[in-house]
Amino acid sequence: EGQVNQERLPNGDTRCHYQVAHVPGDPDNPFEATLVFGRNSQLKELSAKSTSNPERTFPTTEFMPRTDSRPLGSSNLATLPNETLDRIAGHIASNDPNGVLALRQTNWHLNAIADSQITPTQRLLINQGQTLGNFSKTEIKSFLKLLPARQEFVLQHGPLLNSVGYSSGMMMGLAARPRDKQDFVTGNAQTLKDAGFSGFRIYHVSELDNDRRNFVMNNLATLLAAGMNGDEIYSLARKSADVRNARVQALSPSA
């Protein structure tokens with residue numbers, strides 16, 4: 001039922017009574033668990049009895065007090081032989097791939113043991129966690145399916161692309177695009193962002209043919225000075241060469 005009653009014993013120990021709704025699989029058999037804790041909060045005794053049948057009791061289990069002053073957990077594990085620890089890490093890795101990552105954080109000794117069980121994929125995610133920090137779980141799965149060269153492109157240019165407004169999906173999409181489009185984005189994205197282009201609009205400009213991309217970059221200062229924004233400049237770049245050139249000529253200070 002979730003209610004715990006406790007009482008202080010004459011020797012300073014604490015006795016707790018916990019009402020359990022039922023035994024799993026036997027809803028008509030409620031019982032009460034009794035736990036005795038020492039003054040140092042260590043469990044000393046555990047017993048139980050049925051509250052529907054007073055004659056049915058469970059034997060008392062006594063626990064020896066700990067004499068080791070070190071905290072429970074990792075320090076005790078660290079005293080095990082390396083061979084045993086390696087088996088523990090291997091078992092965790094085979095049953096829960098993420099569990100071995102948690103084991104690495106226990107202490108420096110177990111970190112070294114668990115490190116030997118980490119897969120290349122896990123190591124990649126550990127080493128590149130900051131770059132992939134904005135990726136969702138689904139996007140990380142998609143990233144891991146990319147060819148190595150495309151993964152490297154994302155990792156190398158991810159910080160820049162993120163800063164100019166590229167989403168994780170757009171980064172992976174650019175990694176699959178032709179080299180000239182990749183070079184255009186990585187070489188001009190910051191300039192276009194500073195000119196007020198959004199990440200999506202930078203992507204759209206990169207998808208233009210080479211002449212139209214060059215038109216945007218060569219005439220960017222003139223078009224911005226005339227009060228045009230990124231969307232308007234992109235729209236003009238999509239028009240025919242005659243229209244584009246006439247517009248620039250009209251905006252030129254010498255016109």
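The protein chain has 14 helices and five strands, where helices (H or I, at least four residues) and strands (E, at least two) are DSSP runs numbered from the N terminus. This is a predicted model, in which local features need pLDDT of at least 70 and side-chain atom pairs count only at pLDDT 80 or more, while totals for chains, interfaces and linings use all residues. Residues are numbered from 1 along each chain as its sequence is written, and side-chain values use heavy atoms, with hydrogens and water left out.

**Whole chain**

Start with the protein chain selected. Of its 255 residues, 31% count as buried (buried means under 20% relative accessible area, exposed over 50%, partly exposed in between, with a 1.4 Å probe and protein chains only). Among contacts with a separation of 6 or more, 36% are between residues 24 or more positions apart; contact means heavy atoms within 4.5 Å.

Two packed helices are described by the angle between their axes and the distance between the axes. Axes are lines fitted to C-alpha atoms, for helices over the stretch in contact, and angles run from 0 to 180 degrees between N-to-C directions.

Select residues 148-163 (α7) and 168-175 (α8): these helices pack at about 135 degrees, with axes 9 Å apart. That makes α7 oblique to α8, because angles under 35 degrees count as roughly parallel, over 145 as roughly antiparallel, 65 to 115 as roughly perpendicular and the rest as oblique. The crossing of α7 past α8 is right-handed. A crossing is left-handed if the near helix is turned anticlockwise from the far one by less than a right angle, and right-handed if clockwise.

To display the contact, show R150, F153, V154, G158, L161 and N162 on α7, and M171, M172, L174 and A175 on α8. By class, the contact of α7 with α8 has seven nonpolar, two polar and one charged residues (Ala, Val, Leu, Ile, Met, Phe, Trp, Tyr, Cys and Pro count as nonpolar, Asp, Glu, Lys and Arg as charged, and the others, Gly among them, as polar).

**The core and Y166**

Next, select F143, Y166, F197 and V216, which touch the most other members of the 34-residue largest nonpolar core. A nonpolar core is a set of buried Ala, Val, Leu, Ile, Met, Phe, Trp, Tyr and Cys residues joined through side-chain atoms within 4.5 Å. Helices supplying at least two residues each include α9 (179-194), α10 (199-206) and α13 (230-237). The largest share, five residues, comes from α8.

Centre on Y166. Leaving aside neighbours within four places in sequence, Y166 is in contact with L161, M171, L174, V185, G199, I202, Y203 and S206.

**Helices α10 and α13**

Now select α10 and α13, whose axes are 10 Å apart at an angle of about 15 degrees. The two helices are therefore roughly parallel, and α10 passes α13 in a left-handed crossing. R201, H204 and V205 of α10 meet G230, D231 and Y234 of α13. The classes are two nonpolar, two polar and two charged.

**Last stop: S252**

Finish at S252, in the segment after α14 (241-251). S252 counts as partly exposed because its relative accessibility is 22%. Its C-alpha atom is separated by 7.1 Å from that of T222, 30 residues apart along the chain.
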